[in-house]
Each structure stands twice: as C-alpha cells, then as structure tokens.
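Here is a quick walk through one fold, written for someone who likes to check things in the viewer. Have the model open while you read.

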Amino acid sequence: MQDLNSLAIELNKQIQNATPVVSALLSKLGKRVYLPRGILSQTAEANAKAYRFNATRAIALEDRDMMHLAVSREFVPALPLESIYGYAPVLGQPELRDAWKMHLIKENPSLAKTALSLPIVTSGMTHGFSLLAELFTDSGDTLILPDKIWGNYRLIFQTKAGANIQTYPFFNASNGFNTLGFHEALADATDEKLLVLLNFPHNPTGYAITATEAQHIVDAIVARADAGCSILVMIDDAYAGLWYDASVMRESLFGLLAGCHPNVVPVKIDGATKEEYAWGLRVGFMSFGLGAAAMQPLEQKLSGLIRANTSGASQISQTLILEAMKAPGHADQKQHNYETLKARALKTKEITSDARYAKLWEVYPSHAGYFMCLSLKSGNAEVVRQQLLEEHGIGTIALSETELRVAYSCLAESDIETVFEVIARVIDRL
Ligand SMILES: Cc1ncc(COP(=O)(O)O)c(C=O)c1O
C-alpha cells in the first residue's frame with residue numbers, strides 16, 4: 001500500500017479536527033486522495049495576478065479571448081430540444097462516434113489497414129483515463145511513464161488506482177526521445193502484465209517523435225510482448241494534428257501499434273478538448289485497436305463503468321461537436337487556428353534559440369502542441385516564476401527547480417518577444 005502524501009495527511013487532520021465523523025467514514029481512497037500542488041495552483045495564482053500575459057493554461061487564446069471554432073457555437077439557438085436536453089446514449093451519440101472514427105482514419109493513414117473500434121465518448125479525456133484505470137489497473141500493477149508528464153496521470157493511476165509507476169528519462173543525451181530508456185524500462189519490468197502510457201505531442205515540452213523513434217517504440221513493445229507479457233498501451237493524443245515541424249511524424253503512434261502483436265492492446269485517448277478548441281465542453285474519445293468480437297463485451301464493461309460514474313457525456317456538448325464537424329466552414333476554421341498556433345510556435349522557437357539567451361537556458365526540442373519548456377542554466381524556476389508573476393504580471397509554470405513551461409498557445413505572436421525578454425531579464429538578475 002502506498003504511503004499517504006503529506007497533503008492528504010494534512011487534509012485528513014483538518015477533517016478529523018472539524019468533523020471526526022467524516023473522518024471515520026472515509027474510504028481508503030478517501031484517505032489517500034488530495035489535490036496535488038503544481039500546475040493547477042500555479043495557474044490559479046496566475047489567473048489572479050498575471051495581468052499582462054498568462055502563459056500557464058493548457059488552452060489557446062485569440063485576441064485575449066478563447067480561441068474557438070465559430071461553427072461550434074452558431075447553431076445553438078436552432079438546435080432541436082432533444083439534442084440539447086435529452087439523455088445521450090451511455091457510450092455517446094452514434095453519429096458523433098461514426099464521425100470521429102472517420103476523422104481518425106482520415107488523419108491516420110496507418111489505421112486504414114488495422115482494426116479500429118468505434119470511439120467511445122467520454123466526459124473529457126481525463127474521464128477516459130479514469131475509466132482505463134478502473135478497467136485495467138489493480139493496486140500494485142506497473143505503469144511505465146517518462147519522467148516528464150502531464151501530472152494528472154499520477155493522480156488517476158497512482159493515487160486513485162494504486163499503480164506502481166516506473167519512470168525513465170524522457171530525453172536521451174542528444175535531446176531526442178529516449179527510446180533506449182523506454183526499452184530498458186520495459187525490459188526491467190518483469191511483470192506478466194504492463195501498462196504503458198505515451199503522449200505525443202507532449203505536455204509539457206511540445207516534443208513530437210520522428211517516424212524512426214516511433215518504430216523503435218513499437219519494436220520495444222513487441223519485444224516485451226513476444227516474451228509473453230500482456231501490455232495495455234495508452235496513447236494520449238490530446239494535441240493530435242498540431243504538428244508544426246516537417247521532421248516529425250504527423251500521425252498518431254496508435255496507428256503503428258494497432259495489430260502489432262496479439263499481446264498488445266493499444267487504446268487511443270483523444271478529444272474535442274484541444275483538437276476542436278472545446279476545452280470546457282468535456283468531450284473526449286477512447287478508441288481501441290481491437291476488432292468487433294473483443295469490443296462487444298468490452299463496450300458492455302465500459303458501459304457499466306460509465307453508468308456507474310458520470311452516466312454519460314453531456315448531450316449538448318456532443319451535439320455541438322458533431323454539428324461543427326459537419327459544418328461547411330469547419331475545415332477552414334480549424335486551419336486558421338492551426339496556422340495561428342504554428343506561427344506562434346515558430347516565433348517562440350526563433351526567439352528562445354537566439355544566441356543572446358544561450359547562457360541563460362537550454363530549450364527542450366518542441367515541434368507541436370501548445371507548450372515549450374526552458375531548462376534554466378542558473379537560478380531556481382520557482383523563484384523565476386514568482387518574480388515574473390509578482391513584478392511583471394506574467395504567468396508561467398515552474399515544473400521543477402530548473403524547468404519553466406510557457407504556453408505560447410495563450411500568447412499573441414507579437415507579444416512573444418517581450419515575454420521572453422522579461423523572462424531573460426529576471427533570470428539574469430537573480
Ligand atoms: C496531455 C494531456 N492529456 C489530457 C489532457 C486533459 O484533457 P481533458 O481536459 O479532455 O480532460 C490534457 C489537458 O491539459 C493534456 O495536456
């Protein structure tokens with residue numbers, strides 16, 4: 001059994017002092033659970049204080065308001081009442097599930113040749129991971145993750161489900177994805193059952209893999225599967241499609257994993273969240289690289305789990321995503337947002353890799369998504385973050401003592417130079 005986190009201990013003490021009866025009633029999970037400090041609390045601080053630029057949030061802004069697809073909003077007054085207020089089917093609206101499957105096949109040529117389930121609609125991607133944790137994770141099961149991750153994986157799989165997380169360094173010595181470290185982590189885990197989670201484009205660095213790296217990842221998984229291990233490979237494709245660099249693979253790793261080995265079950269978790277610029281609509285999808293015979297009972301299991309927690313994703317949210325995907329202006333509006341984000345990504349790369357900053361930071365390679373990360377050569381990232389916020393009204397995220405994440409998705413292209421000039425000044429004066 002995992003040790004209680006110090007934040008959970010503190011909450012338990014407060015509950016015990018305020019209402020001993022609640023304390024007596026808490027489940028084991030109730031005692032373990034807490035809200036980690038980190039991105040959420042730093043974002044909340046920045047929301048209050050970053051009056052100039054807030055580059056903390058995993059969203060995209062345009063003209064200081066939410067970037068969005070106008071087609072996903074304009075239909076609202078004309079929608080039939082059933083499509084707003086009616087219950088959606090537990091696994092999601094059938095037409096939306098079909099439309100998302102078509103979208104996946106179009107964007108991932110490798111999927112044309114493999115088994116691909118009908119996507120299951122979840123209440124955002126987080127819900128999809130939670131369902132996978134419930135369906136596939138027992139306490140003590142091993143989950144292999146890199147050392148740089150979206151922190152919610154820990155809360156879902158470790159704190160909630162009790163998984164034993166084994167990590168490997170995300171980058172190798174030449175700042176590529178550490179395929180060797182990944183291979184070794186798999187080989188070192190001698191369990192008969194393994195959970196693996198991979199995320200490209202990557203949060204927090206913005207790294208995307210090359211086709212060669214993708215093949216090495218698949219080879220490592222197949223080698224372990226060949227040795228008799230059953231492996232669930234979860235592919236977090238939150239930022240799918242937002243690739244800005246010609247050198248990286250422009251489709252999901254999931255396409256290479258589907259059908260790669262009978263002992264490997266690949267599952268793709270993606271969503272309208274980032275791809276359709278609809279963060280708060282809470283529409284995610286979960287698709288398995290499995291055929292109909294496996295999916296029929298698995299869908300029943302997942303229906304049971306969904307029924308027992310959210311009971312289904314929001315009807316109006318699903319309707320809005322579907323109507324937007326069918327609207328004539330959809331592709332053009334998505335392209336517009338993509339071009340806007342790409343221009344910001346390229347500008348960020350140009351500015352941050354300028355020789356004048358070389359003594360201050362190293363820039364982790366970033367080719368895609370919303371973020372980039374600076375690895376500071378001196379100073380403490382949390383001190384830098386606080387000074388940026390308190391003295392300059394700029395919100396960033398301190399990921400560790402030396403790493404600062406900047407969401408350029410929230411910055412206008414014309415502000416990027418200023419933001420990094422200020423960051424450089426703060427580090428320089430420490
Ligand atoms: C890598 C990654 N996966 C998943 C999510 C969560 O998606 P959702 O808001 O749909 O739960 C995020 C959100 O920031 C993310 O960065």
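Before we start, one cut-off: two residues count as in contact if their C-beta atoms, placed from the backbone, lie within 7 Å. Also keep in mind that this is a predicted model.

## A residue in H1

Let's begin with Ile 15, which sits in helix H1 (residues 6-18). Leaving aside residues up to four places away in sequence, Ile 15 touches Val 22 and Ser 23.

For a sense of scale, take Leu 242, which is 227 residues away from Ile 15 along the chain. The C-alpha atoms of these two are separated by 44 Å.

## The sheet

Now for the strands. Seven of them make an open sheet with mixed pairing, and the order is E4-E10-E9-E8-E7-E5-E6. Strand E4 (120-122) and strand E6 (164-168) are the edges, each pairing on one side only. On average, neighbouring strands here are turned by 25° against each other, ignoring direction.

The antiparallel sense shows up between strand E9 (residues 264-271) and strand E10 (residues 284-288), which pair over five bridges. One spot to look at is Val 267, whose bridge partner in E10 is Phe 288. Two helices pack on the sheet as well. Helix H9 (residues 179-188) touches E5 and E6, and its direction makes about 150° with that of E6. Helix H10 touches E7, E8 and E9, and its direction makes about 155° with that of E8.

## Around E7

How covered is strand E7 (residues 193-199)? Mostly: six of its seven residues are buried. E7 pairs in the parallel sense with strand E5 (residues 142-146) over three bridges, and Thr 142 has Leu 194 of E7 as its bridge partner.

E7 also runs parallel to strand E8 (residues 230-236), with seven bridges between them. There, Leu 197 stands opposite Met 234 in E8.

## The ligand shell

Which residues come nearest to the ligand? Out of the 13 around it, they are Ala 58, Gly 124, Met 125, Thr 126 and Thr 273. Sorted by class, the shell holds five nonpolar, seven polar and one charged residues.

Technical notes
Residues numbered from 1 in each chain as written. Predicted model: local features only at pLDDT ≥ 70, side-chain atom pairs only at ≥ 80, totals over all residues. Buried ≥ 20, exposed ≤ 12 C-beta atoms within 10 Å, placed from the backbone. Helix = DSSP H or I, 4+ residues; strand = E, 2+ residues; numbered from the N terminus. Pairing = 2+ DSSP bridges. Near = placed C-beta within 6 Å. Nonpolar A, V, L, I, M, F, W, Y, C, P; charged D, E, K, R; others polar. Axes fitted to C-alpha atoms, helices over the stretch in contact; angles between N-to-C directions.
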